[in-house]
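Dear colleague,

I am passing on the structure we spoke about, and below it I have written up what was found. Please read the notes with the structure open beside them.

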Amino acid sequence: LLHLLSVMTVVLGFEGSANKIGVGIIRDGEVLSNPRRTYITPPGQGFLPSDTARHHRAVILTVLKEALEQAGLKPADIDCVAYTKGPGMGAPLVTVALVARTVAQLWGKPLLGVNHCIGHIEMGRLITNANNPTVLYVSGGNTQVIAYSERRYRIFGETIDIAVGNCLDRFARVIKISNDPSPGYNIEQMAKKGSQYVELPYTVKGMDVSFSGILSYIEEAAHKMLSSGQCTAEDLCFSLQETLFSMLVEITERAMAHCGSQEVLIVGGVGCNLRLQEMMGVMCKERGAKLFATDERFCIDNGAMIAQAGWEMFRSGQVTELEDSWITQRYRTDEVEVTWRD
C-alpha cells in the first residue's frame with residue numbers, strides 16, 4: 001500500500017442512485033473525465049425505480065467507455081473502482097453496483113462502496129477548497145445540515161419528511177412543468193418572472209425542517225388560484241422557492257452559530273440554484289462568513305464525486321471486500337467513519 005501511495009492514485013467512480021448515471025475518473029484531485037446521462041420522464045410524471053434501472057443498464061457501458069476515452073486511460077491505469085453504496089433508489093443502485101463489482105473483478109482492482117452524501121461533500125471540498133465548512137446538502141432525495149467533528153460528518157438538522165428537491169419536483173408535476181433538463185431548473189427560471197408573493201406555511205422545528213405540509217398546501221391552492229386568476233404559475237414558483245430556501249438558510253445559520261463556523265458549503269442538485277446561493281450569500285455576508293458552491297457539473301449527481309470520496313477512502317487504507325459490496329437504500333451520512341480527515 002505504501003508503494004501505491006507514493007505514486008499517483010487513479011480512482012474510477014460509478015454513480016447511479018437516482019435518475020442520473022455517471023462515471024468519473026479522478027487522479028489526485030484532478031477530474032480527468034466525468035460523463036453523465038439523465039433519465040427524463042414526460043411532464044407530470046416522476047421516475048420509477050425499475051424504469052430508471054433499465055435506463056442505467058442501457059447506457060452504463062457507453063458512459064464507462066466515454067469516461068476512459070476522455071481521460072485517455074486504459075483499465076490497467078485504474079487503481080481502484082468506487083461505486084455508490086447508498087442512499088438512493090434500490091433498483092438503480094443494484095444495477096450500478098453490479099457493474100462496478102464486475103469491472104473490479106475483470107480488471108483485478110480493489111472495490112470501494114461510497115456513501116452518496118459523502119461523495120457530494122468531498123467533491124464540494126475539492127472543487128471549492130473550503131476548509132471545514134458547515135454543509136447544506138440539498139437534493140431530490142436528501143436535505144441535511146452537516147458539520148465535521150471527530151471522524152464523522154454529523155447531521156445537525158434535516159428534513160423530517162420529504163427532501164426539498166422532492167417538494168420542488170412534485171410541485172412541478174402538479175402544474176405540468178417539463179422535467180427537461182430538470183424540474184427544479186425550470187421552476188428556478190419561472191420564479192424569476194414571479195412578482196407576487198403568496199404566503200405559504202413555513203415549518204422549521206428546532207434544527208429540522210418539514211416540507212410535506214407546504215407541498216400539500218400549494219398543491220391544493222395552485223388549481224384554485226390559477227383558475228381564478230389570483231396569481232400566475234410564475235408567482236407560485238417564486239413563492240415556493242422563497243419559502244423553502246428561507247427555511248434552509250435559517251437552519252444552516254443556526255448550525256453555523258452552534259459550531260462557530262465561518263464557512264458554508266452548499267452541495268447536492270438543488271445547490272446549483274442561484275437564488276438559494278444568493279439568499280445564503282446574504283446571510284453569510286451579515287455574519288462575515290464565506291459561501292462556497294459549485295455549478296451543475298459537480299453539484300448534480302456525478303461519477304467524479306464518488307471517485308473523489310473513493311480516492312480519500314482508498315488513500316486512508318479502506319477497501320470493500322466483495323462479500324460486503326452490497327447496497328443499502330438507507331445509509332446515513334454519520335454512519336461512515338471519516339478516516340481521511342483529522
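**Aromatic pairs**

The structure, which is a predicted model, holds two aromatic pairs.

**Confidence**

The mean pLDDT of the protein chain is 97, and 98% of the residues score at least 70. Within the chain, confidence is lowest in helix α1 (residues 2-6), where the mean is 59, and highest in strand β1 (residues 10-15), where it is 99.

**Helix packing**

On the α5 side the contact involves Val164, Cys167, Leu168 and Phe171, which meet Leu236, Cys237, Leu240, Leu244 and Leu248 of α8. Sorted by class, this contact of α5 with α8 has nine nonpolar residues, with no polar and no charged ones.

Helix α4 (residues 116-128) and helix α11 (residues 303-315) pack at about 85 degrees, with their axes 8 Å apart, and the two are therefore roughly perpendicular to each other. From α4 the contact draws on His116, Ile118, Gly119, His120, Glu122, Met123 and Leu126, and from α11 on Ala304, Met305, Ile306, Gln308, Ala309 and Glu312. The classes in the contact of α4 with α11 are seven nonpolar, four polar and two charged residues.

**Two residues in helices**

Which residues does Ala222 touch, if those up to four places away in sequence are not counted? They are Phe171, Ile175 and Leu236, and two of these names return from the contact of α5 with α8, where Phe171 is listed for α5 and Leu236 for α8. Ala222 itself is found in helix α7 (residues 212-227), and its relative accessible area is 0%, so Ala222 is buried.

Leu106 has its place in helix α3 (residues 90-107) and, at 68% relative accessibility, counts as exposed. Between the C-alpha atoms of Leu106 and Pro75, which are 31 residues apart along the chain, the separation is 9.5 Å.

**Backbone geometry**

Some details of the backbone may deserve a look when you prepare the model. Gly86 and Pro87 are joined by a cis peptide bond with omega at about -10 degrees, and Pro87 lies in the loop between β5 (80-86) and α3. A cis peptide bond also joins Asp180 and Pro181, where omega is about 0 degrees, and Pro181 is located in the loop between α5 (164-174) and α6.

Positive phi values occur in residues other than glycine as well. For Asp28, phi is near 45 degrees; Asp28 is found in the loop between β2 (20-27) and β3 (30-33) and, with a relative accessibility of 30%, counts as partly exposed. For Asn129, which is not a glycine either, phi is positive at about 65 degrees. Asn129 sits in the loop between α4 and β7 (134-138), and its relative accessible area of 63% means that Asn129 is exposed.

With best regards

Conventions: Residues numbered from 1 in each chain as written. Predicted model: local features only at pLDDT ≥ 70, side-chain atom pairs only at ≥ 80, totals over all residues. Heavy atoms only, no water. Axes fitted to C-alpha atoms, helices over the stretch in contact; angles between N-to-C directions. Helix = DSSP H or I, 4+ residues; strand = E, 2+ residues; numbered from the N terminus. Parallel < 35°, antiparallel > 145°, perpendicular 65-115°, else oblique. Contact = heavy atoms within 4.5 Å. Nonpolar A, V, L, I, M, F, W, Y, C, P; charged D, E, K, R; others polar. pLDDT = per-residue confidence, 0-100. Phe/Tyr/Trp six-rings, centres within 6.5 Å; stacked < 30°, edge-to-face > 60°. Buried < 20%, exposed > 50% of the residue type's maximum accessible area, 1.4 Å probe, protein only.
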